[in-house]
Amino acid sequence: MTDRLAPDWLTARPIAHRGLHDRGAGIPENTIAAAEAAIGGGYAIECDVQLSRDGEAMVFHDAGLGRLTGADGLVRERDAADLKRLTVLGSAERVPTLSEFLGKIAGRTPLVIEVKTRHDGDLDLARRTADIVAAYDGPVALKSFDPVIVGALADLAPGVPRGIVAESHHDDPAYAALTEAQRHGLANLLHVSESRPDFLSWRVDDLPNAATHLCRLLGRMPVMTWTVRTEAQVQLARAHADQMVFEGFRA
């Protein structure tokens with residue numbers, strides 16, 4: 001278990017999933033407009049980062065560009081300057097770098113950054129994210145589905161709260177490269193002595209479970225839960241977690 005305590009701000013304000021986005025209103029996910037909407041609503045923000053071909057951290061969820069921009073290919077196949085020129089479908093918003101995103105937030109609300117992974121041991125995105133966050137003056141935490149990345153962040157971003165994102169089932173194609181033993185380890189936090197997270201971020205429909213219950217009870221480790229979209233999920237979050245990452249309504 002961690003020997004540190006997660007900061008109080010991590011559980012103080014509900015966290016808007018990829019910002020307070022509303023595509024129908026021209027405010028797409030992971031954009032500066034979504035961040036401003038979250039700040040205006042009094043919420044914290046969760047965002048995702050992917051690595052560009054030239055090593056820049058881009059605020060973007062998907063590995064591929066198609067769903068959000070209509071462009072072909074992968075984020076990692078394009079340089080940051082090219083990615084910044086892309087508009088997000090249904091809006092005038094462009095794909096921001098993490099540096100630009102942080103510059104706009106400017107410490108006005110807490111930010112939780114998910115470092116995306118291919119579970120291949122590559123730490124380039126974690127290093128770049130840590131370098132950017134080191135220069136940021138505001139409440140920020142880092143998290144990832146990858147325990148290798150979370151463990152590495154202890155050295156790459158000392159003093160920055162770090163969390164493991166997890167779920168109890170691993171049928172998604174994103175886990176295709178993992179062995180059954182690795183999936184079992186992720187589902188049961190068997191990596192905790194190596195990853196040493198300060199908080200958990202667990203899939204809401206998998207609550208309650210032994211891992212989250214014991215971490216809250218014995219490890220003094222807060223649990224945030226994702227992604228809360230319905231009233232039934234709100235009730236699960238309130239009963240079995242300390243924080244929720246929500247979308248589609250105002251918490």
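A polar contact of 3.2 Å joins the side chains of Gln233 and Asp205. I started from that pair. The model is predicted, and I treat each value below as computed from it.

**Entry 1. Gln233.** I placed the residue first. Gln233 sits in helix H10. Buried or exposed, I asked of Gln233? Its relative accessible area is 11%, so Gln233 is buried, the cut-off being under 20%. Next I listed contacts, leaving aside neighbours within four places in sequence. Gln233 then touches Val204, Asp205, Thr227 and Val228.

**Entry 2. Strand S8.** How many residues of S8 are buried? I found 6 of the 6, so the strand is largely enclosed by the rest of the structure. I then looked for its partners. Strand S7 (residues 199–203) pairs with S8 in the parallel sense, over 4 bridges. In that pairing, Ser201 stands opposite Met224 of S8. S8 (residues 223–228) also runs parallel to S9, with 3 bridges joining the two. Here I noted two facing pairs. Thr225 is opposite Met244 in S9, and Val228 is opposite Phe246 in S9.

**Entry 3. Crossovers.** I followed the chain from S8 to S9. The path goes through helix H10 (residues 231–240), and this β-α-β crossover is right-handed. I then checked the unit made by S7, helix H9 (residues 210–218) and S8. That β-α-β unit is right-handed.

**Entry 4. Thr225.** This residue lies in S8. I read a relative accessible area of 0%, so Thr225 is buried. Which backbone oxygen does the side chain of Thr225 reach? It is that of Trp202, at 2.7 Å. I also found the backbone nitrogen of Val204 at 3.2 Å from a polar atom of the Thr225 side chain. Neighbours within four places in sequence aside, the contacts of Thr225 include Trp202, Arg203, Val204 and Leu207. Ala237, Ala241, Gln243, Met244 and Val245 are also in contact with Thr225.

**Entry 5. Strand S9.** I looked at both faces of S9 (residues 243–246). Side chains in a regular strand alternate between the two faces of the sheet. Gln243 and Val245 are on one side of S9, Met244 and Phe246 on the other. These four residues are all buried, and both faces are covered. S9 has a further partner to record. Strand S1 (residues 15–17) pairs with S9 in the parallel sense over 2 bridges. Ala16 stands opposite Phe246 in S9.

Entry 6. I checked the peptide bonds here. Leu207 and Pro208 are joined by a cis peptide bond, with omega about -5°. Pro208 is in the loop between S7 and H9. I had met Leu207 already, among the contacts of Thr225.

**Entry 7. Largest pocket.** I took its volume: about 920 Å³. I counted 39 lining residues, and those closest to the pocket centre are His61, Glu114, Lys116, Thr117 and Phe145. Which elements give two or more residues to the lining? They are strand S2 (44–51), helix H5 (124–134) and S8. The largest share comes from S2, with 4 residues.

**Entry 8. Helix H6.** I counted 7 of the 10 residues of H6 (residues 147–156) as buried, so the helix is largely enclosed by the rest of the structure. The buried ones are Pro147, Ile149, Val150, Gly151, Ala152, Leu153 and Ala154. What covers the buried residues of H6? The cover includes strands S4 (111–115), S5 (140–144) and S6 (162–166). H5, helix H7 (180–187) and helix H8 (192–195) are also part of it. I then inspected the start of H6. There a side-chain oxygen of Asp146 comes to within 2.9 Å of the backbone nitrogen of Val148.

**Entry 9. Positive phi.** Ala106 is one of them, with phi about 55°. Ala106 is in the loop between helix H4 (98–105) and S4. Leu189 is another, with phi about 55°. The place of Leu189 is in the loop between H7 and H8. At 7% relative accessibility, Leu189 counts as buried.

How values were computed
Residues numbered from 1 in each chain as written. Predicted model: local features only at pLDDT ≥ 70, side-chain atom pairs only at ≥ 80, totals over all residues. Heavy atoms only, no water. Buried < 20%, exposed > 50% of the residue type's maximum accessible area, 1.4 Å probe, protein only. Pairing = 2+ DSSP bridges. Right-handed = clockwise from strand over helix to strand, strands pointing away. Polar contact = N/O pair within 3.5 Å; in protein donor to acceptor, adjacent residues only side chain to side chain. Contact = heavy atoms within 4.5 Å. 1 Å grid on protein atoms, 1.4 Å probe; cavity = no way out; pocket = protein on both sides within 12 Å on 5 of 7 lines; lining within 4 Å. Points joined across faces, edges and corners; volume = space filled by probe spheres on them.
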